[in-house]
Amino acid sequence: MAKKMREMTISYILPIILLLLAVETHAHNVTRLLASHPSFSSFNHFLTQTHLAGEINRRTTITVLAVDNAAMSALTSKGYTISTIKNILSLHVLLDYFGAKKIHQIRDGSALAATLFQATGAAPGTTGFVNITDLRGGKVGLGPDGGDLSSFFVKSVEEVPYNISIIQISKILPSETAAAPSPAPAEMNITGIMSAHGCKVFAETLLTNPGASKTYQESIEGGMTVFCPGDDAMKGFLPKYKNLTAPKKEAFLDFLAVPTYYSMAMLKSNNGPMNTLATDGANKFELTVQNDGEKVTLRTRINTVQIVDTLIDEQPLAIYATDKVLLPKELFKASAVEAPAPAPAPEDGDVADSPKPAKGKGKGKKKKAAPSPDDDSFGESDSPAEGPDGDADEATADEASAVRIVGGATAGLVVSLFCLFASSKLL
């Protein structure tokens, strides 16, 4: 009986322990997946150059229609700008999961899939949808809705059900809409647009930093979104900005721009963390977009700001004004002490008696006053941090508690199961 119970315990507990040990996040990295397939190196390169890779990695259910180097050569030889290539390749990113099996089992033989190109709002009607049709003889044809099915499914390259699927198609999907010329980025005067619409102080600050100015200008062509603080907010922040080192000044300015074009509609439907121009390896320099109805906010572990105006929204560039300066946790610290709430005023104008100090305590000493919330226009301390590596010191109490609870719960469960398994061995 004991032996049977032990065997039953092992059969139930072991799979659970193995499952817990094998748990990983469902995040994926499309460039890393394609890196092991040299025949797609050109396609992989342009996913990075157009910043589409970041958008693909941020989504949890996606299909990438990849083409080999020969097919990419036929595209790049046409002399398209990088923004036009981005539009064309965004048509090759389906906002649904299609593995090799699903593609050959499409109900009614045909399906329409939305794409990243459709999500940009630049595709009129349904021209941003891709038609997938199961043809005779096992062939599967693909093309823009209303266009020719002149590209065909070749093979599955990588599949992580039901998270990301990378499948090879025979050639680039033909689309006159996606290939239409985009506004010339060189004609867009970023600082001029900012200065004319209430962000003059930020524009002037950007102009005085050659490194950040160059990064901004080079990033427009691939698509960029800037969150510039209004003049009043930026003026109040300038003394703190001037205390930063030169590399940190450049990192701060880069942090306020995202290397992807986001219309207001896209921001409202794409809540979550976003990389910025300052993102570099271990230094995340990311911000999080959240919305509540028509209100769109940006936040970090330091503070939260609100978008209050749209300066320009013309692909490939969007510039939005914010009510405050968004502060990256890599450069600034949150306040460790909060000011206590003021005591309620006594009724009828009577002054309440103050409690007498205990004998022998506090004689000759003054109690240090807590900082007033009015001392800081940002609502929280934004004094420079020691450096980008000080993440542990910058964590808020709530976040630290959450980590302890989640980590402790998982560890406790594993330990409990292990103990149960071990005790069964003793039966």
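This is a dialogue about reading the features of a predicted protein model.

Trainee: Before I look at anything, what are the ground rules here?

Mentor: Residues are numbered from 1 along each chain as its sequence is written, and side-chain values use heavy atoms, with hydrogens and water left out. Since the model is predicted, local features need pLDDT of at least 70 and side-chain atom pairs count only at pLDDT 80 or more, while totals for chains, interfaces and linings use all residues.

Trainee: What is the mean pLDDT of the protein?

Mentor: pLDDT is the predictor's confidence in each residue, from 0 to 100. Here the mean is 76, and 70% of the residues reach 70 or more. Residues 15–26 stay under 50, with 10 contacts beyond four places in sequence (a contact means heavy atoms within 4.5 Å). Residues 386–416 are also below 50, and that stretch has 24 contacts beyond near neighbours in sequence. Where pLDDT is low, the predicted coordinates should not be read in detail.

Trainee: Okay, how many helices and strands are in the protein?

Mentor: Both are DSSP runs, numbered from the N terminus: helices are H or I with at least four residues, strands are E with at least two. This protein has 16 helices and 14 strands. Of its contacts between residues at least 6 apart in sequence, 66% join residues at least 24 apart.

Trainee: And what share of the residues is buried?

Mentor: Buried means under 20% relative accessible area, exposed means over 50%, and partly exposed is in between (1.4 Å probe, protein chains only). Buried residues are 40% of the 427 in the protein. As for the accessible surface, it comes to about 23,200 Å², with 55% belonging to carbon and sulfur atoms (Shrake-Rupley method, 1.4 Å probe; for residues, only the protein chains shown count as cover).

Trainee: Can we try that on single residues? Why does I319 count as buried?

Mentor: I319 counts as buried because its relative accessibility is 0%. I319 sits in strand β14 (residues 317–322). Beyond four places in sequence, the contacts of I319 include I190, I193, M194, V226 and C228. D309 is another contact of I319, and the C-alpha atoms of I319 and D309, 10 residues apart along the chain, are separated by 8.8 Å.

Trainee: Which residues of helix α10 are buried?

Mentor: In α10 (residues 200–207) they are V201, F202, A203, T205 and L206. Their cover includes α9 (190–196), α11 (210–220), β8 (224–229), α12 (231–242) and α13 (246–255).

Trainee: Now the pockets. How much space lies in the largest pocket?

Mentor: The search runs on a 1 Å grid over the protein atoms alone: a cavity is a set of points where a 1.4 Å probe fits but cannot get out, and a pocket is an open set with protein on both sides within 12 Å along at least five of seven lines. Lining residues have an atom within 4 Å of a point. Grid points are joined across faces, edges and corners, and a volume is the space filled by probe spheres set on the points. The largest pocket holds about 1,100 Å³. Of its 33 lining residues, A53, G54, N57, N275 and T279 are the closest to the centre. Helix α4 gives the most to this lining, with 5 residues.

Trainee: What about G54: where is it found?

Mentor: G54 is in helix α4, and it is partly exposed, with a relative accessible area of 39%.

Trainee: How does the lining of the largest pocket divide by class?

Mentor: Ala, Val, Leu, Ile, Met, Phe, Trp, Tyr, Cys and Pro count as nonpolar, Asp, Glu, Lys and Arg as charged, and the others, Gly among them, as polar. The lining has 9 nonpolar, 17 polar and 7 charged residues.

Trainee: How many cavities of 30 Å³ or more does the search find?

Mentor: It finds 2. The largest cavity has about 130 Å³ of space, and of its 13 lining residues L52, K86, L116, T120 and M266 are the closest to the centre. Helix α6 supplies the largest share of that lining, 3 residues. The second largest cavity has a volume of about 40 Å³, and its lining includes S83, K86 and N87.
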